[in-house]
Amino acid sequence: MKENRMIAAALIAVGIALMGLFIKAGIDNFANKDRKVTVKGLAEREVPADKVTWSIGTKVTGNDLPLLYENINIQTDKIRRFLRQNGLDEKEITVNPPSISDLEAREWGDNQKNFRYIVTTTITVATNKVKEVNAAIFKQAELLKQGVAIENSSPDYEYASFQKMKPEMMAEAIKNAQKTAEQFAEASNCDLGSIQTAGQGQFEIEDRDQNTPYIKKLRVVTTITYSLDD
């Protein structure tokens with residue numbers, strides 16, 4: 001009888017010990033579930049613009065409409081010839097129809113002008129020949145020598161090949177995020193686990209600076225959460 005009681009007590013003790021181990025393991029697992037690190041990875045590039053749209057405005061003023069139409073056409077032809085001489089193709093040049101402002105028809109203003117009509121038109125260049133356009137911009141004074149007054153001649157630069165860069169930049173951003181996470185895990189005496197969540201982030205394209213709008217800066221930041229293991 002006494003021997004049976006001792007065996008029962010030993011079994012109970014073993015059961016209690018095992019239960020304690022299971023409880024501890026469960027607590028450790030629960031605690032480890034919340035062990036994670038969230039890091040950001042950055043990728044940047046500076047690239048030359050590969051598309052440019054250049055709008056060149058010009059105008060003539062006077063009182064004789066037929067003569068003004070003739071003069072605006074002469075101005076337009078000079079601009080088109082100037083662009084072709086600087087390496088641009090005719091198919092890359094678009095001439096908008098002239099528009100007319102009749103100053104005497106306005107209900108506001110003093111109307112004390114030396115002329116009645118303003119005829120304006122815009123010549124637009126859309127091309128991937130960024131270098132040629134930049135060279136032409138520096139030579140605009142040649143048009144002034146020919147009596148062509150230019151308005152609204154600020155070009156708009158783009159990086160049209162952006163989609164081709166996305167996979168490469170995303171891979172770099174993820175790699176940089178992983179490096180940061182590994183450094184954190186090493187400092188915490190942990191092993192870096194699997195990815196828990198990942199956010200791509202937005203790609204940004206902006207001018208490198210205000211003086212070189214034909215050089216673009218690409219930027220993406222990715223946010224990744226990793227688990228940490230003992």
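A salt bridge is a side-chain nitrogen of Lys or Arg within 4 Å of a carboxyl oxygen of Asp or Glu. A search of the whole structure finds 12 of them. This is a predicted model: local features need pLDDT of at least 70, side-chain atom pairs count only at pLDDT 80 or more, and totals for chains, interfaces and linings use all residues. Residues are numbered from 1 along each chain as its sequence is written, and side-chain values use heavy atoms, with hydrogens and water left out.

**K59 and E151**
- The side chains of K59 and E151 form a salt bridge, 3.5 Å from N to O.
- K59 sits in strand 2 (residues 51–62) and E151 in the loop between helix 4 (141–145) and strand 6 (156–158), so the pair ties together parts 92 residues apart in sequence.
- Helices (H or I, at least four residues) and strands (E, at least two) are DSSP runs, numbered from the N terminus.
- K59 is partly exposed at 34% relative accessibility; E151 is partly exposed at 31%.
- Buried means under 20% relative accessible area, exposed over 50%, and partly exposed in between (1.4 Å probe, protein chains only).

**D102 and R116**
- D102 and R116 meet in a salt bridge at 2.9 Å, N to O.
- D102 belongs to strand 4 (residues 99–102) and R116 to the loop between strand 4 and strand 5 (117–127), so the pair ties together parts 14 residues apart in sequence.
- R116 has a relative accessible area of 28%, partly exposed.

**D207 and K216**
- The closest N and O atoms of K216 and D207 are 2.5 Å apart, in a salt bridge.
- K216 is buried at 8% relative accessibility, whereas D207 is partly exposed at 35%.
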